[in-house]
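Open the model in your viewer and keep the selection panel handy. We will go from one selection to the next, with a short note on what to look for at each stop.

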Amino acid sequence: MSGAALGLEIVFVFFLALFLLHRYGDFKKQHRLVIIATLLAWYLCFLIVFILPLDVSTTIYNRCKLAVNSSPAESNGSYVTLAPSKQKCFKPWSYIPNGIMPIFWRVVYWTSQFLTWILLPFMQSYARSGGFSITGKIKTALIENAIYYGTYLLIFGAFLIYVAVNPNFNLQWNQLQTIGIAAANTWGLFLLVLLLGYGLVEIPRSHWNGAKRGYLLMKTYFKAAKLMTEKADAEENLEDIMEEVRKVSESIKYNHPLRKCVDTILKKCPTEYQERMGRNMDDYEDFDERQNSYPSEKSLVKLHKQVIYSVQRHRRTQVQWQILLEQAFYLEDVAKNETSATRQFVHTFHSQEPENKIIRYFYTPTVEWYWECLLRPWFYRVLAVVLATFSVIVVWSECTFFSTKPVLSLFAVFIQLAEKTYNYIYIEMACFLTIFFLSICVYSTVFRIRVFNYYYLASHHQTDAYSLLFSGMLFCRLTPPLCLNFLGLTHMDATISHKNTQPTAYTSIMGSMRVLSFIADGFYIYYPMLVVILCIATYFSLGTRCLNLLGFQQFMGDSEMTSDLIDEGKELIRREKRKRQRQEEGENRRREWKERYGNRDDSTRNRVVHTDQKESSFSEANTNRSLSKYTRSNGRTERDRIELLQDAEPLDFNADSINDDPLEADSGR
């Protein structure tokens, strides 16, 4: 089994990262280099989290083997026996041979650092660039990142000059490498504690609130009102940009040198706008450079960038609106079915996606009612209590992990108890659950935060390239300090435990932090204690209240603005519900009409054709008789169709339907 566990986890983590990237990214529309770079960044970070428990169990076995080899001992198969005390060091099932883990960690760590500090920032600027050629995009990316890279080079150059001039410092290459790693980990730890303090409180609280149907429904109404405002803003912004594109397209004719750039911009526009522009434009007019003033290539680059951003934002808000509607309809169905006497879950609308027959066979309406109305709230409450217990243990351990005598960190106590009995399965499971919970708290915050419209991870393939690359940067910067913090909580880091024992392979790659004693003995130990203050601030929603005071509407139960937005969202959901009900009623009527009269028309039509072919000698008489019969049947069908149209309900007035096409209205202007 040596190395088999490592290989299995490498394959499993790859498909996990691929699944998450497929959920947030769009493999068909986004550039392949963006997908590959983001996938590599996510994959390496997830890989560190999953492989580190194997490194811990292997290190514990190596420590036992070193202790045995220091006294007379005899080897027997898969374990080493200490002669005097008959102590046995069993080899773990996931043991990784010596020499593999240091090489593995070195490749993973330096690849992730190259991605986060050099490649991904460059690709961000490249993805947002509006250039029309690869050379133009690269030039724009280099210019935008000149200040970014120049700042790091200036700091590093000043540090090298200081070390060379000061005779008290005699640093070698390994020590300079350790200083660089310490600087990167310090920056990551600073951001890590902020995200961890939010996740430790918000994750248990979100699951506890998930059991409150009324709370979720009110919050969904609140989101609907906010999303409608953003959706209207996105539509208005897209209309303004499309108006500029139309003017540029009409001014630059087919034989203009910049016409290729305009065609590239038109390809990025939605299909309906492309059709309107194609009909309203006369490309057979020659351009006259002396009479008209034409936009420059620089202005077209800026317009191209705006088109990409506005189209992506408009598409994202449309998809999110449909998803939010489904969520609101589902929560309203749950509230309605809670008082059902039949104990069968009834949906207001049928699912638009094809249902899986196997799932529907086991997940019957009765089972669905018991799960949604009875079991699911209790499951969320129990899960919230378990997560809250983990959060308390993490906060306690973060404040006491520096104490070695006595050992106060609960994670260190669990690992040391298992180390005495060499229960490697328990060690790996405890390490995995600990680092997995820490990763969930940090990574989920990365997926939740939103920096205006510049960074936003939206599911259902609606995340843009810039946000995907930015998330890869954050993961690569947060994962190494997260793992070092985990090793400190379990006292597997010699810097924390103050023991002269064999370090883990991961710690050996990081180097000895004793080169910078004020970081090793000060910042790394005492800064994580700030997680207590951040947890208290998150519990009392201080950040939410501050954003609400600054004008950013946040969901707060005691706010008048929140109540107004909830009422507005409820009305929007009610309007969309009536609209969808009318659509389904219209479809049902058309289906009934086809079932009642469609077959009769077909049989009559077939009878006419058969009569024409069979009785050629009496063709005129029989044909007239058949046509008169067909006319009477068709007339009756036409009367039924008119009656169905007269029974149709009037549509609600919608201001957006007055002018669906801004280009059609502007063309007359």
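Ser 541 sits between helix H19 (531–539) and helix H20 (542–549), where helices are DSSP runs of H or I with at least four residues and strands are runs of E with at least two, numbered from the N terminus. Although Ser 541 is not a glycine, its phi is positive, about 55°.

Two notes before moving on. This is a predicted model, in which local features need pLDDT of at least 70 and side-chain atom pairs count only at pLDDT 80 or more, while totals for chains, interfaces and linings use all residues. Residues are numbered from 1 along each chain as its sequence is written, and side-chain values use heavy atoms, with hydrogens and water left out.

**The whole chain**

Now zoom out and colour by pLDDT, the predictor's confidence in each residue, from 0 to 100. The protein chain averages 80, and 80% of the residues score at least 70. Select residues 72–86, where pLDDT stays under 50 and the model has 30 contacts beyond four places in sequence (a contact means heavy atoms within 4.5 Å). Then try residues 611–669: pLDDT is below 50 there too, and the stretch has 46 contacts beyond near neighbours in sequence. Where pLDDT is low, the predicted coordinates should not be read in detail.

Switch to a cartoon view and you have 23 helices and five strands. Of the 669 residues, 42% count as buried. Among contacts between residues at least 6 apart in sequence, 77% join residues at least 24 apart.

**The nonpolar core**

Which residues touch the most other members of the largest nonpolar core? Select Trp 42, Trp 105, Leu 200 and Tyr 506: these are the ones, in a core of 97 residues. Such a core is a set of buried Ala, Val, Leu, Ile, Met, Phe, Trp, Tyr and Cys residues joined through side-chain atoms within 4.5 Å. Helix H2 (residues 32–69) gives the largest share, 22 residues.

Stay on Trp 42 and show its surroundings. Leaving out residues up to four places away in sequence, Trp 42 touches Ala 17, Leu 20, Leu 21, Phe 447, Leu 468, Ser 471, Gly 472 and Phe 475.

Next, select residues 465–489, helix H15. Its 25 residues should span 36 Å at 1.5 Å a residue, and the end C-alpha atoms are 36 Å apart, which agrees; the expected span is 1.5 Å times one less than the number of residues. Look for a kink of about 25° at Thr 479, shortly before Pro 480 (the bend at a residue is the angle between axes fitted to the seven residues ending there and the seven starting there). In H15, 23 of the 25 residues are buried.

Two histidines are worth a click here. His 460 lies in the loop between strand S5 (455–456) and H15, and has a positive phi of about 60° although it is not a glycine. After H15 comes His 491, with a positive phi near 60°.

**Helix H3**

Select residues 100–128. The 29 residues of H3 should span 42 Å, and the end C-alpha atoms are 40 Å apart, which agrees. A kink of about 45° is centred on Leu 115.

Is Thr 116 buried or exposed? Thr 116 counts as buried because its relative accessibility is 0%. Beyond four places in sequence, Thr 116 touches Pro 121, Tyr 148, Met 473, Cys 476 and Arg 477.

**Last stops**

- Ser 439, in helix H14 (residues 424–448), is buried at 3% relative accessible area and touches Val 49, Ser 444 and Leu 482, not counting residues up to four places away in sequence.
- Arg 580, in helix H21 (residues 560–614), counts as buried at 11% relative accessibility.
- Pro 406, in the loop between helix H12 (365–400) and helix H13 (410–421), is joined to Lys 405 by a cis peptide bond, with omega about 0°.

How values were computed
Buried < 20%, exposed > 50% of the residue type's maximum accessible area, 1.4 Å probe, protein only.
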